[in-house]
Amino acid sequence: MTSSTISARRRWVTAWVRRGAGILTVALVVEYFVLPQLAGARAALSVLSQVSAGFLVLGLALEAASLVSYSALTRSVLPAGSSPPLWTVLRIDISALGLSHVVPGGGATASALRYRLFTLAGVPRVTVLASTAIQGIGVAVALSLVFVVGMALAFPSAHQNASFDLAAAVAAALIVAATAGTVLLVRRQQQVSAAVVRLGTRLHLRNPGAAARLMGDLATQLRTLVDDPHLLLRTLGWASANWMLDAASLWVFLRAFGATEGLRGLLVGYGLAGILALLPLMPGGLGLVEATLISVLAGFGTPHAEAVIGVITWRLAEFWLPIPLAALAYLSLRTGPLRHLGLPGRPLVPRAPDDEA
């Protein structure tokens with residue numbers, strides 16, 4: 001048996017182990033987290049009679065403002081000379097967001113689409129990659145701050161919920177690991193890159209060197225963010241606005257059905273659900289976000305029926321509504337400013353000199 005055959009079999013086994021582990025993880029999440037929380041969904045329908053239409057409209061408006069603030073964040077990290085108009089950026093972001101909610105590995109696929117649309121809009125490739133990295137860092141830091149503030153407000157009553165303790169421990173571990181990884185990446189870039197290459201080789205990745213280069217690019221962007229206080233403030237400001245408007249939308253949807261949850265339970269549940277949604281289990285944390293939010297809100301005193309219907313209504317606006325909007329946004333780009341998408345030899349705007357490298 002040749003070495004290439006052995007290597008191919010190892011890759012095949014590794015791929016199937018990953019798929020099996022993913023399926024098992026999803027099954028466990030659904031069995032022990034999602035189904036118990038949604039079991040009372042039918043009973044929750046009884047609170048529909050007391051819904052406030054005004055709060056529903058306000059919740060939708062806040063969700064729309066959250067999307068706009070995310071696109072404002074996108075523009076704030078792009079150089080002034082290469083940033084498309086806000087309306088174009090908003091449609092690109094919505095197109096990528098909707099795609100991330102419907103395909104496996106949605107984050108990576110959506111990033112590829114977003115990269116393609118921005119380059120077609122005239123943004124240099126290097127600029128797109130750099131701004132995306134800075135934006136992702138800002139969003140992650142702002143979400144962690146939301147969770148930390150919620151934990152500070154909830155202390156010491158939060159520990160009374162055993163399920164919450166477990167989920168909070170997972171979230172805290174993710175934050176600590178991300179922080180430690182960031183520090184190591186900035187201060188020990190070469191050692192981290194070498195470790196990534198060794199790990200990729202052991203896992204029989206096709207191109208471990210590409211992962212090492214990605215780590216190097218990310219370290220560069222981290223240093224750029226730290227060295228530019230104005231960029232750091234803009235990034236954290238718009239990222240925080242994005243999360244807080246989304247959290248405010250959740251509170252309004254809960255209030256529409258009579259729930260009067262305070263900030264502590266809302267921010268803890270929202271921050272925790274957002275962090276757990278970063279785990280690559282389901283697109284957009286589908287199922288996991290709902291189960292976590294309902295469990296935490298109920299643990300902080302929100303009636304279960306109101307928590308269920310409020311969270312489900314919020315997810316209709318936050319998760320499901322962007323899917324058809326993404327189709328419309330992408331269609332408007334294809335028939336409007338990016339109508340030459342996919343046609344060779346017909347660039348939308350002249351490329352910057354550094355984009356030709």
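The model is predicted: local features need pLDDT of at least 70, side-chain atom pairs count only at pLDDT 80 or more, and totals for chains, interfaces and linings use all residues. Residues are numbered from 1 along each chain as its sequence is written, and side-chain values use heavy atoms, with hydrogens and water left out.

Start with helix α3, residues 53–77. Helices (H or I, at least four residues) are DSSP runs, numbered from the N terminus. Helix α3 has 25 residues and reaches 37 Å from first C-alpha to last, close to the 36 Å expected at 1.5 Å a residue. That expected span is 1.5 Å times one less than the number of residues. Several α3 residues are buried, among them G59, L62 and E63. Buried means under 20% relative accessible area (1.4 Å probe, protein chains only).

Now the charged pairs. The structure holds three salt bridges. Each is a side-chain nitrogen of Lys or Arg within 4 Å of a carboxyl oxygen of Asp or Glu.

D93 pairs with R114, closest N and O atoms 2.8 Å apart. This pair links distant parts of the chain: D93 lies in helix α4, R114 in helix α5, 21 residues apart. D93 is buried at 6%, and R114 is buried at 8%.

E290 pairs with R315 at 2.9 Å. E290 sits in helix α12 and R315 in helix α13, 25 residues apart. R315 is buried, at 3%.

R315 also meets E318, at 2.7 Å, N to O. The two are three residues apart in helix α13, so about one helical turn separates them. Shared partners join E290, R315 and E318 into one network.

Note on methods:
Buried < 20%, exposed > 50% of the residue type's maximum accessible area, 1.4 Å probe, protein only.
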